[in-house]
Amino acid sequence: MEKVLKHFFLLFFAFSLVLLSVGREVNARAPTQRHNRSNGAHYKKLFVFGDSYADTGNLGNLGNMLTTSWYEPYGMTFPHKPTGRFSNGRLLTDYVASFLGIRSPLPYKYRRLGVSKKLLPYGMNFARAGSGIFDNGNFQDNLTLQVDAFQWQVKTGIFPEYDLKSSVALVSVSGNDYKYYKETKGSDVATLDFVNRLFQQLKTELKRIHDVGVPKVLVTNLHPVGCTPYMTRVTNHTKCDSTMRGEAQAHNQMLETLIKELNGAGTNTFFSLDLFTAFDSIINQVKGAPKFENILKPCCDGNDDTSTCAQTDENGMKKYSLCSNPDTHFYWDWLHPSQAGWAAAFEYLKPAIRRFLSL
């Protein structure tokens, strides 16, 4: 099982055959309601960093045992074929971009293609599925390397410094560092020393993004990891893991402290995007929360504990089952929300983002 899960996250930088149609695929705009810019604030670019909760196509295609997001049924809802997104359709990046009134930014992998001229005005997405703040042993860019790539794009004039004044950064941190630490250390919990080092590095990278010239930085807190289908499968998707819930809450408290430290007195540059409360409200069906027939059970599920969504055997036979309607499931696969799940969560996030950006 651990071997399969590690493969699930293994990523390499590689161009795939889908490049022939990438122009249409990365040109995504989520169907969210436009906001009103009452004070004239306008953000023209979005720069994205992090992991699979934000990656819209930087993942290389190395086969459906390693890179499932490039294979059916991923992308079945939007854009009706796989594009490297770990969902059946749109995810967090797409909804944030749409809220800003722009198209989803160009994945860094496609920066040298002809389509880049069309999408560069909207920023760039450096996020890599499976990545973390630190290296996670799967040969992909951690947060530091992603910020390095961003700095180089600015240094070489791809994004002029004056153009960054109307930009926003989104940093997705969904827990890969904790998972890798536990797997390699054989521990059930991360040590305080590790967590302190993790946050020190996160602090460094957030400051670097701002110092390049981005005036507003959104960073996600940790979602209820213990409620992902990977964690709830031991209870047949009926109950969340309480220990993991506590770890996520501890992480989020430290993140709030870090954000306050970075902002200092009288500034409002950094903001913690509360995925935890958004997900938790939907999962626990609090009053007013969107209703899902299946809260903890994924739409796309492996047939057994050794297979995951989109995998096939040597004869091409599917090793997964697929629900009839992804919109009735909050989760798409073992770890990621469905498009409907992301849309519901973003309804919780919009008011806070609007206040932070003074929109």
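Analyst: **Disulfides of the chain**

Counting as a disulfide any pair of cysteine sulfur atoms within 2.5 Å, the total is three. This is a predicted model, in which local features need pLDDT of at least 70, side-chain atom pairs count only at pLDDT 80 or more, and totals for chains, interfaces and linings use all residues. Residues are numbered from 1 along each chain as its sequence is written, and side-chain values use heavy atoms, with hydrogens and water left out.

Start with C227 and C240. Their sulfurs lie 2.0 Å apart. The link is right-handed, with 110° about the S-S bond. C227 is in the loop between β5 (216–220) and α8 (229–232), and C240 is in the loop between α8 and α9 (242–263). The two cysteines are 13 residues apart. Helices (H or I, at least four residues) and strands (E, at least two) are DSSP runs, numbered from the N terminus. C227 is buried, at 3% relative accessibility. C240 is partly exposed, at 27%. Buried means under 20% relative accessible area, exposed over 50%, partly exposed in between (1.4 Å probe, protein chains only).

Next come C299 and C323, joined at an S to S distance of 2.0 Å. C299 lies in the loop between α10 (275–283) and β7 (300–302), and C323 in the loop between β8 (320–322) and α11 (339–356), so the bond ties together parts 24 residues apart in sequence. This link is left-handed, at -85°. C299 is buried at 2% relative accessibility. C323 is buried at 15%.

C300 pairs with C309, again at 2.0 Å. The S-S torsion is about 95°, so this disulfide is right-handed. Both cysteines are buried.

Counting bonded cysteines along the chain, the pattern is 1-2, 3-6, 4-5.
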